[in-house]
Amino acid sequence: MLWGCFSAKGPGRLIRVKERMNGAMYREILSDNLLPSARALKMKRGWVFQHDNDPKHTARATKEWLCKKHFKVLEWPSQSPDLNPIENLWRELKVRVAQRQPQNITALEEICMEEWAKIPATDTESEPALPIFVARGRERRQPDTGATPKRADGRFPKPPGPRCGH
């Protein structure tokens with residue numbers, strides 16, 4: 001499985017998760033990768049973190065950790081269709097990797113990392129009024145459910161308004 005994040009300023013870190021992810025591992029991934037990505041992308045204060053309603057994201061321990069770290073989290077309606085804008089990047093990565101035809105798992109991982117790093121910030125632009133940092137894991141064998149389409153101007157649709165809380 002891969003875990004990655006992005007903002008309107010570009011893609012953040014992408015990592016390979018070798019085990020089945022649980023809540024404790026998810027919090028460790030956030031700790032080790034989300035803030036360093038935000039710093040590397042020069043995100044200013046006030047950005048909002050978005051993830052979906054996966055049980056490890058909504059677990060009490062995760063919510064408490066996010067609160068303790070003072071993350072502003074975009075509320076996501078339960079049982080909503082998967083409209084997470086990172087799905088567009090997973091699709092882009094999938095296309096780029098397929099063009100290079102990796103022959104083994106090591107090559108697949110290397111190509112994923114190389115191609116993720118090449119995704120330009122223009123492919124991750126969001127509404128500038130709402131600085132959002134989006135993160136999500138993606139299983140390699142997960143079927144493609146379709147990506148949220150970009151608008152005619154090439155930007156992602158504006159996500160639902162934030163309801164931030166600590």
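Guide: "Buried" here is under 20% relative accessible area, "exposed" over 50%, and "partly exposed" the range in between (1.4 Å probe, protein chains only). Keep in mind that this is a predicted model: local features need pLDDT of at least 70 and side-chain atom pairs 80 or more, while totals for chains, interfaces and linings use all residues. Numbering runs from 1 along each chain as its sequence is written, and side-chain values use heavy atoms, without hydrogens or water.

On to the rings: the whole structure holds four aromatic pairs (Phe, Tyr or six-membered Trp rings with centres within 6.5 Å; stacked under 30 degrees, edge-to-face over 60, tilted otherwise). One of them is Trp-47 with Phe-71, edge-to-face at 5.7 Å centre to centre and 70 degrees between the planes. Trp-47 sits in the loop between α1 and β3, Phe-71 in the loop between α3 and β4, so this pair ties together parts 24 residues apart in sequence (DSSP runs, at least four residues of H or I for helices, at least two of E for strands). Trp-47 is buried at 13%, and Phe-71 likewise at 5%. Then there's Trp-90 with Trp-116, tilted, at 5.3 Å and 35 degrees. That pair links helix α4 to helix α5, 26 residues apart, and both tryptophans are buried.

Back at Phe-71, Trp-47, Phe-49, Trp-65 and Phe-71 form one aromatic cluster.
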